[in-house]
Amino acid sequence: MLASLLLTVAVFTFVLLLGDALKEILGLLINGQVKLGIVVEAIVLLVPFMMVFALPMGLLTATLLVFGRFSADQELTAARASGVSLLSLIAPILILSLVCCGFSAWINLKLGPQCRVAFKNLMFNIEGNLASAQLPEGRFIRDFPGYIVYVGKNHKGDLKDITIFVLENKTNPAANVSMTITAPNGDLQLDKTNKQMFLHLIEPRCVSIQGRITSTSDFLSDNLYPTNSSAKQLPKPKISDMTFNQLQNEMKELEGNFSLPLTNNAASPAEKRAQSKALQKMQTDSTEPVRIEMHWRIALSFACFGFALVGIPLGIRVHRRETNVGFAMALILAAVYFSFMLVGKSLSSHPEWSPHLIFWIPNFIFQAVGAVLLWRANRGI
């Protein structure tokens, strides 16, 4: 069971990694823009986030494969003939599923979000380091809002013969040029703390639209990072990237914003009740995304136990040793389970329906159905 679990988790993790941002990292590696060590670091940071889904799916697949072959080889019949019940055989597997639940909870509530934030910071650093490579020689570059940049030579970030056209209207690249800046040398500077990127020019010469010429010893541009990049994100992580403790603090902060007493003493009791109801609705609407994220992570941590309860009797009933059958059944069951998760996420804008409770429905269904199937399998029904 342990060997099958390690193999299936590795397979699902690999598949999920290929479908995530790793494909971007591999593309940079193939193009020679990043080193192999950066790719390895990115993989290490992505693995915990992928384990959120790979661990329960791997455990479900492993139970289907192991007990499908266990039944097909008539080992269950031999065990029963020796006086060993099915419940005695599966006790270590159930204990293993509970251990996986604890490990999954640790990943969902703490390790996964931390690694996700670290991966995003790594991607920002990669993009910042590639910024000089994204300034090709002999081309007019319009990637920076409000500027058109021309670089004569670019040798590993050391820029020469630089020309910058400052646009009068930053939102319209076709607008008239308000200033032209030329410099013999320059480089790009990355502010990792504030997530900003600046173009530093040495001995620049500025020509304004009125024809006025000025010269200074150096020049530091405005933030040149594209507006759709992570440089414009707030330092505070998104709800999906917060640890469970951060989510709890966020919930308390949001609830505190609506805990002020009503100050209109002249209002009638009916008006006060209406104001209190409106305030409560605003509080529920603002805190529902955080509540959904918290319930989703905790509920998903119990998926391993429900999958084990269902996978063991189904593997025995299928009575097949083929690997493809086990994988197919695992994918179908996982699709059913995660469909409830998707429904709960999609209803986040309707807090009146209590979408955070939907995440617990598949756990109750899988555990109840698995318990009944195990009872029937133990009695030979």
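**Stop one: Thr 13**

Begin by selecting Thr 13, which is found in helix 1, and bear in mind throughout that what is on the screen is a predicted model. Is Thr 13 buried or exposed? Its relative accessibility is 7%, and because this falls under the 20% limit, Thr 13 counts as buried. Show the side chain of Thr 13 next, together with the backbone of Val 9: a polar atom of that side chain lies 2.6 Å from the backbone oxygen of Val 9. If residues up to four places away in sequence are left out, the residues that Thr 13 touches are Val 47, Met 50, Met 51 and Ala 54.

**Stop two: helix 3 against helix 9**

Now select helix 3 (36-72) and helix 9 (323-346) together. The axes of these two helices come within 9 Å of each other and cross at roughly 135°, which makes helix 3 oblique to helix 9. The crossing of helix 3 and helix 9 is right-handed. To display the contact itself, colour Phe 53, Met 57, Leu 60, Thr 61, Leu 64 and Leu 65 on the helix 3 side; on the helix 9 side, the residues that take part include Thr 323, Gly 326, Phe 327, Leu 333, Ala 334 and Phe 338.

**Stop three: the nonpolar cores**

Which residues touch the most other members of the largest nonpolar core? Among its 36 residues, these are Leu 5, Cys 100, Leu 300, Leu 314, Tyr 337, Phe 338 and Met 341. The elements that give two or more residues to this core include helix 1 (2-18), helix 5 (86-129), helix 7 (269-301) and helix 10 (361-378), while the largest share, nine residues, comes from helix 3. Centre the view on Tyr 337 and, leaving aside its neighbours within four places in sequence, look for its contacts with Ala 299, Leu 300, Ala 303, Phe 307, Pro 362, Asn 363 and Phe 366. A second, separate core has 15 residues, and Val 151, Ile 181, Ala 183 and Leu 188 are included in it.

**Stop four: Val 207**

Finish by selecting Val 207, whose place is in strand 6 (residues 205-208). With a relative accessible area of 32%, Val 207 is partly exposed.

Notes:
Residues are numbered from 1 along each chain as its sequence is written. This is a predicted model: local features need pLDDT of at least 70, side-chain atom pairs count only at pLDDT 80 or more; totals for chains, interfaces and linings use all residues. Side-chain values use heavy atoms; hydrogens and water are left out. A nonpolar core is a set of buried Ala, Val, Leu, Ile, Met, Phe, Trp, Tyr and Cys residues joined through side-chain atoms within 4.5 Å. Buried means under 20% relative accessible area, exposed over 50%, partly exposed in between (1.4 Å probe, protein chains only). Helices (H or I, at least four residues) and strands (E, at least two) are DSSP runs, numbered from the N terminus. Contact means heavy atoms within 4.5 Å. A polar contact is a pair of N or O atoms within 3.5 Å; within protein, one must be able to donate a hydrogen and the other to accept it, and residues adjacent in sequence count only if both atoms are side-chain atoms. Axes are lines fitted to C-alpha atoms, for helices over the stretch in contact, and angles run from 0 to 180 degrees between N-to-C directions. Angles under 35 degrees count as roughly parallel, over 145 as roughly antiparallel, 65 to 115 as roughly perpendicular and the rest as oblique. A crossing is left-handed if the near helix is turned anticlockwise from the far one by less than a right angle, and right-handed if clockwise.
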